[in-house]
Amino acid sequence: MILCIDAGASSAKWTLQHQAGFSNGAVGPITGHLFNDEAKALAYGEIAKIASAVGKIDEIVLGITGLDKETVVANEIVELIQKTFGLAKTAITIMNDMELAYSAVLAPAEGVLIYAGTGAIATQLDAAGNFLRAGGWGFHLGDFGGGYSIGAAALRYVTSQWDQGKDPLQDQFAAAILKFAKCENWADLRIFIYGNGRSAIASVAPIVGELADAENEIAQLLGGEIVLESKLGKGSTFKLIIPQDCSKVIPKGSNLDELLDASAKTTKINTPVDINLVAYTPDEVEDDRLTIRENDKVILITGGTGSFG
C-alpha cells in the first residue's frame, strides 16, 4: 500500500492506495518550518494522526510546504517517518509540496506550475530534474496573491475602520469578514488572528472571493456582466459584456464615479473604485492607441462591425 501526503500550511491531505482502491482524509497543517520544539511537536502530532488512520503501509510519498530536500529538517522528518510507520529509508520519498504537485500533472520541462493557496509560487522541474522556483518565499516576504496575503488585506481593511473612528459592523464588507471570524470587536479579532496562526488569516480569502463574486458594480451599472472562459492548455479570457446601447442603462454624460457612489447606498458591498470614465460613447472616438502613456487607465472594447470604441 502506498500513502501520499500533500502537506500545507492550512491542512495536510492524504490518500492511500490499497487493493480495494483509494482512501483519503485530512489533518491539521504540516510544514517544513520546524525550527523549534513547539513547531515540531505540532507537526509530529499530525503525522501520528495519519499513521493511526492508515495503519501499516509499504511506501510513502510526502510533499511538504516550506521544505527542501537534503536539509536538516528533511532528514529529521524522514527519521520520524521511519519510526512512526516502520519503513526503511528507501521506502520514503520526500520533497517540496510544489514539486509533488508539478510531478502529478506535468513531465519535466513540460510547463510551469503556478500555485496560489495559503502562499503563492511559480515552479518547474527542468529536464535534468532540478526544482526551479519564483516566489514562494513565505508570508513574511512575499506570497502575494496567495490566501494569506488576501486574508491579511481584508483584515487590514477591517482594522482601518477602527483607525478612522468608524464601526466595522456598519461597513458591509468589514461586517462580512467579522461575521466569518465570529468576532464583534478588536478583542475577539485579535484572538482570531494571533491565536490561530497564519492558516486562520488565509481562511478569510475564500470569503473575499465570495463577496467579489456577489457584487460587480461596474458591470451591473452597465447592464451587463463579466464572464470568465477557461480552456485546458489554452488559458483564460475575461469578457466584459454590455448592451450595445448603454444610454438605456446610464444617462448620457453621466460620470461612472458618481453613479458608483450613488449605488453604494443600495449595493451589498461598498468598496472604493479607482476609476474615472465617461459612461457613454460619443458618435466618433479618435483612435489614440499609439499615444497611450504608462499610467493611463485603458479599457478596450471591440466588436465585429469594424468600428472602434
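This is a predicted model: local features need pLDDT of at least 70, side-chain atom pairs count only at pLDDT 80 or more; totals for chains, interfaces and linings use all residues.

Modeller: Cys 4 is partly exposed, at a relative accessible area of 30%. As for disulfides, the count is 0, since a pair needs its cysteine sulfur atoms within 2.5 Å.

Lys 182 isn't a glycine, yet its phi is positive, about 60°. It is exposed as well, with a relative accessible area of 76%. Glu 70 is another non-glycine with a positive phi, about 55°. You'll find Glu 70 in the loop between E4 and H2, and at 71% relative accessibility it is exposed too.

Now for the inside. The largest nonpolar core has 31 residues, and Leu 3, Ile 60, Ile 81 and Phe 85 touch the most other members. Strands E1 (2–7), E2 (12–18), E4 (59–64) and E5 (92–96) each supply at least two residues of this core, as do helices H1 (37–54) and H2 (72–85). H2 gives the most, with 7 residues. Take Ile 81: leaving aside residues up to four places away in sequence, it touches Ile 47, Ile 60, Leu 62, Gly 86, Leu 87 and Ile 92. There's also a second, separate core of 20 residues, with Leu 178, Ile 193, Ile 201 and Val 208 among them.

How values were computed: Residues are numbered from 1 along each chain as its sequence is written. Side-chain values use heavy atoms; hydrogens and water are left out. A nonpolar core is a set of buried Ala, Val, Leu, Ile, Met, Phe, Trp, Tyr and Cys residues joined through side-chain atoms within 4.5 Å. Buried means under 20% relative accessible area, exposed over 50%, partly exposed in between (1.4 Å probe, protein chains only). Helices (H or I, at least four residues) and strands (E, at least two) are DSSP runs, numbered from the N terminus. Contact means heavy atoms within 4.5 Å.
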